[in-house]
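Trainee: I have a model open and want to learn how to read it. Can we go feature by feature?

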Amino acid sequence: MSVLDTGGQYCHLIARRVRELGIYANVLPCDTPPERLAKCRALIISGGPASVYAPGSPLLHPGTLALGIPLLGICYGQQIIAHQLDGHVEPGTKGEYGLAHLDLSPSPLFAGLAGRQQVWMSHRDQVDRLPSGFRLLGSTDTCPIAAIGDDARRIYGLQFHPEVVQTLGGRQILENFVFAIASCVRDWEPAHQLPVVEEQIRAMAGDRSVFFFASGGVDSTVAYTVCLRALGPERVHATYVDTGLMREGETEFVRGVFESLAKGSFTVADARQEFLGQLATARDPEAKRLIIGEEFVAVQQRILESGHYLDGDWILGQGTIYPDTIESGGTKQADLIKTHHNRVAGIQKLMEQNRLVEPLREFYKDEVRQLGRALGLPDALLDRHPFPGPGLAIRCLCHGEHAKLEKTEDGWLMPVRTVGVQGDSRTYRAVLVIGEPDHALATEIANRDARVNRVVACLASHAPVGDLQVFPSNLSEQRLETLRQADALVRRLSDESGYDRTIWQFPVVLIPAGTPERPDSIVLRPIDSVDGMTATATAIPSGLASEMTEALLALPGIAAVFLDLTHKPPGTIEWE
Ligand code: XMP
């Protein structure tokens with residue numbers, strides 16, 4: 001079956017949820033010609049930010065609604081159905097975002113669900129007249145037409161999002177749609193695809209070999225391993241670039257994994273001096289990113305040329321996954337990562353010459369993990385938290401001039417600026433320190449005080465917060481080493497306590513705020529997330545927090561330990 005993309009952030013989540021039910025789902029543009037959809041068992045139209053009345057807004061090809069294929073429109077998808085049939089959509093001004101309670105009528109779509117359901121709403125416009133042949137299937141207090149259906153034509157619409165976990169009966173609704181209504185048959189188990197993927201690799205490679213830039217991340221390692229299985233160790237090679245910006249023990253960890261997969265088909269390129277030399281005086285987050293991006297380009301080009309990988313005997317392997325291949329569904333990060341890797345002239349050339357193999361381009365992240373397990377890769381690799389390509393450089397903050405903290409009505413304003421996000425725009429603002437780790441208060445302040453995009457609580461300090469100062473600072477080897485030690489310490493304690501497995505990611509950040517003897521401090525940033533696009537700042541169990549702060553305050557040069565209380569938005573996950 002296919003999910004028709006109307007530009008919403010949830011499009012990939014819908015396809016993932018359907019695949020979790022054992023049904024293959026791909027994502028197609030919503031105006032895909034009906035001829036291309038005719039063989040589908042079912043179609044789902046995703047939600048999206050547009051209004052059907054906006055010029056150029058995404059609409060279905062008119063023939064799609066006449067195909068006779070079971071169709072489920074979600075959010076904007078329901079509005080498209082009403083608008084393109086003979087219903088009506090009322091343009092909204094306020095919008096409704098968050099939890100609501102749906103009172104539902106019996107319907108095949110709601111089989112097995114009680115009459116009142118918690119659902120997640122995120123919309124402005126809403127349907128105010130049903131198309132002919134449809135009946136009302138559910139309402140909430142503020143949205144009278146929250147679910148509609150035409151059982152004869154098997155077309156349904158939901159104003160709420162069944163794909164998010166906050167809609168408690170969402171999985172049941174999707175199951176009802178794909179199995180009971182659309183009669184789909186289970187046809188998808190990622191690990192069963194391995195022989196097909198191997199065959200695709202052999203067909204693409206012919207008698208050529210495959211070269212990878214390994215990052216130590218899940219995607220490139222699984223892609224490499226499946227190529228190894230398809231072609232054998234003599235025909236697959238990987239190089240890992242050591243930038244000097246990695247965590248403690250990273251290069252050894254990656255070497256250990258790759259050497260155990262195939263001895264001799266892995267090399268490490270030591271580029272530490274190049275990266276650290278170029279970054280020595282950079283302070284601004286964008287400047288750091290640009291330098292790292294350009295240095296990657298230079299190093300990768302050098303490796304491609306010196307290893308003769310641009311000759312006709314080689315093709316390039318990449319760990320690109322499904323969301324990265326689809327423009328509107330890929331996260332901004334995915335785009336960024338892609339430009340880094342694809343910008344190298346040599347790689348561009350290989351792509352143009354059809355010499356690129358991306359064995360995971362059909363799979364989602366969770367599925368890549370399943371493939372990795374089926375291939376026998378260790379959990380220590382597959383269950384790793386995401387780690388940014390630019391490494392510790394974006395967790396080591398720098399500052400231009402000496403400055404003091406300023407007292408405000410809520411706490412202390414610390415003039416260390418960090419990157420945040422509001423709507424689609426980036427912010428670069430100061431940090432506010434409050435007394436207690438109160439997440440609700442932090443959210444309220446971040447929304448109210450335009451000077452800040454981040455709120456932290458001081459967990460422990462060698463000096464009163466008001467006495468801390470911000471010092472001029474660079475990305476020096478010494479500061480990176482302090483951060484590396486702090487990160488290793490936090491990781492060890494978080495892992496040993498089992499806390500690490502309960503969260504999505506746990507960045508540890510070094511900021512240049514402290515005392516003359518101890519000029520830096522550490523920020524702990526544990527967060528929960530589904531895909532990194534939004535995130536919730538999480539608390540640390542108090543025993544673990546005390547253990548961490550005590551150990552961190554014992555590190556040379558560390559004056560205080562803070563806990564970041566900011567959700568994304570308005571803060572990003574990384575501080576940059
Ligand atoms: P932000 O800070 O934008 O991060 O909220 C969202 C997710 O993306 C990761 N991240 C990166 N990953 N290269 C990567 O491979 C990068 O340049 C990069 N920047 C951020 C971040 O760790 C989080 O998981």
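Mentor: Start with burial. A residue counts as buried under 20% relative accessible area, and as exposed over 50%. Keep in mind that this model is predicted.

Trainee: Is S209 buried or exposed?

Mentor: S209 has 12% relative accessibility, so it counts as buried. It is found in strand β12, residues 209-214.

Trainee: Which residues does S209 touch, leaving out those up to four places away in sequence?

Mentor: S209 touches E234, R235, D313, W314 and I315.

Trainee: And V165, is that buried or exposed?

Mentor: V165 is exposed, because its relative accessible area is 62%. Look for V165 in the loop between β11 (155-158) and α4 (170-181). V165 and H61 are 104 residues apart in sequence, and their C-alpha atoms are 31 Å apart.

Trainee: Next, helices. How do I read one side of a helix?

Mentor: An α-helix has 3.6 residues a turn, so residues three or four places apart point the same way. Now take α17, residues 542-553. This helix has 12 residues and reaches 16 Å from its first C-alpha to its last, close to the 16 Å expected at 1.5 Å a residue.

Trainee: Which residues of α17 are buried?

Mentor: They are L544, A545, M548, T549, L552 and L553.

Trainee: What do the buried residues of α17 pack against?

Mentor: They pack against β21 (452-461), α16 (477-497), β25 (520-524) and β28 (558-564).

Trainee: How do I describe two packed helices?

Mentor: Give the angle between their axes and the distance between the axes.

Trainee: Now a second pair. How do the axes of α9 and α12 cross?

Mentor: The axes of α9 (residues 285-306) and α12 (residues 345-352) come within 8 Å and cross at roughly 60°. These two helices are therefore oblique to each other. Here Q300, Q301 and L304 of α9 meet A345, G346 and I347 of α12. That contact has 3 nonpolar, 3 polar and no charged residues.

Conventions:
Residues are numbered from 1 along each chain as its sequence is written. This is a predicted model: local features need pLDDT of at least 70, side-chain atom pairs count only at pLDDT 80 or more; totals for chains, interfaces and linings use all residues. Side-chain values use heavy atoms; hydrogens and water are left out. Helices (H or I, at least four residues) and strands (E, at least two) are DSSP runs, numbered from the N terminus. The expected span of a helix is 1.5 Å times one less than its number of residues. Buried means under 20% relative accessible area, exposed over 50%, partly exposed in between (1.4 Å probe, protein chains only). Contact means heavy atoms within 4.5 Å. Axes are lines fitted to C-alpha atoms, for helices over the stretch in contact, and angles run from 0 to 180 degrees between N-to-C directions. Angles under 35 degrees count as roughly parallel, over 145 as roughly antiparallel, 65 to 115 as roughly perpendicular and the rest as oblique. Ala, Val, Leu, Ile, Met, Phe, Trp, Tyr, Cys and Pro count as nonpolar, Asp, Glu, Lys and Arg as charged, and the others, Gly among them, as polar.
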